[in-house]
Amino acid sequence: AELNFVFYLINFMAMLLIFHDFLGRSGRQVTQHPVLFGEAVILGFVAYYACSWLVNELVGILVPGFTNYNDEAIFAMSRGNSFLMFIGTVVLVPPFEECMYRGLIFRNLYGKSRWAAYIVSIVAFAIIHIIGYIGTYSPLELLMATLQYLPAGLCLAWSYVRGGTIFAPILIHAAINY
């Protein structure tokens, strides 16, 4: 938990340095369009839970008793130091990951191809959450774990577009991690 917290903190600080202008512009969007922001957060959060429920039902049918090792690892670290893991996974990780996957990848591809922006950012988001488990999971289990992260990637990207600000997916991501 402590090592992960340090890793999260370093990533967060680097993100603030690299994306400070983008975050400032995005913050102004929230204040200029608060209703749109609120709508994107609420609808994105509800859509995430509906899509995740469907995907988890499918995963349960295809691989009964499937366990997501990433979730298990986070729960285990939380039992060791719940405060640091809370700060790391709820406060530090969402802004970093959203700046990377929605702010950098998605935003840069969106003007060229909306489909590519969604597909690349969603798949990259899913893969980063399961890549450490290659060799631990069977190929089928890797696919199931990847599938479990697709609803989050899709709903977070949609909320970024709908809300016009990176803070919509950051808030949803923080709520999901909580």
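Let's start with helix H5, which covers residues 114–130: its 17 residues reach 25 Å from the first C-alpha to the last, close to the 24 Å expected at 1.5 Å a residue. That expected span is 1.5 Å times one less than the number of residues in the helix. Helices here are DSSP runs of H or I with at least four residues, strands are runs of E with at least two, and both are numbered from the N terminus.

A quick word on the source: this is a predicted model, where local features need pLDDT of at least 70 and side-chain atom pairs count only at pLDDT 80 or more, while totals for chains, interfaces and linings use all residues. Residues are numbered from 1 along each chain as its sequence is written, and side-chain values use heavy atoms, with hydrogens and water left out.

Back to H5. Its buried residues are Ala117, Tyr118, Ser121, Ile122, Phe125, Ala126, His129 and Ile130. Buried means under 20% relative accessible area, exposed means over 50%, and partly exposed is in between (1.4 Å probe, protein chains only). What do these buried residues of H5 pack against? Their partners are helix H3 (69–80), helix H4 (82–110), helix H6 (139–163) and helix H7 (167–177). Contact, by the way, means heavy atoms within 4.5 Å.

Now zoom out. The chain has seven helices and zero strands. Its C-alpha trace spans about 45 × 35 × 25 Å along the principal axes. For 178 residues, a compact globule would have a radius of gyration near 16 Å, and the chain agrees, with 16 Å. That radius is taken over C-alpha atoms, and the globule rule is 2.2 Å times the number of residues to the power 0.38. Buried residues account for 40% of the 178 in the chain. If you take the contacts between residues at least 6 apart in sequence, 78% of them join residues at least 24 apart.

Two residues are worth a look. Ser26 sits in helix H1 (residues 2–32). Is Ser26 buried or exposed? It counts as buried because its relative accessibility is 5%. Setting aside neighbours within four places in sequence, Ser26 is in contact with Thr165, Ile166 and Phe167.

Leu43, in turn, belongs to helix H2 (residues 34–62). With a relative accessible area of 43%, Leu43 is partly exposed. Leu43 and His33 are ten residues apart in sequence, and their C-alpha atoms lie 16 Å apart in space.
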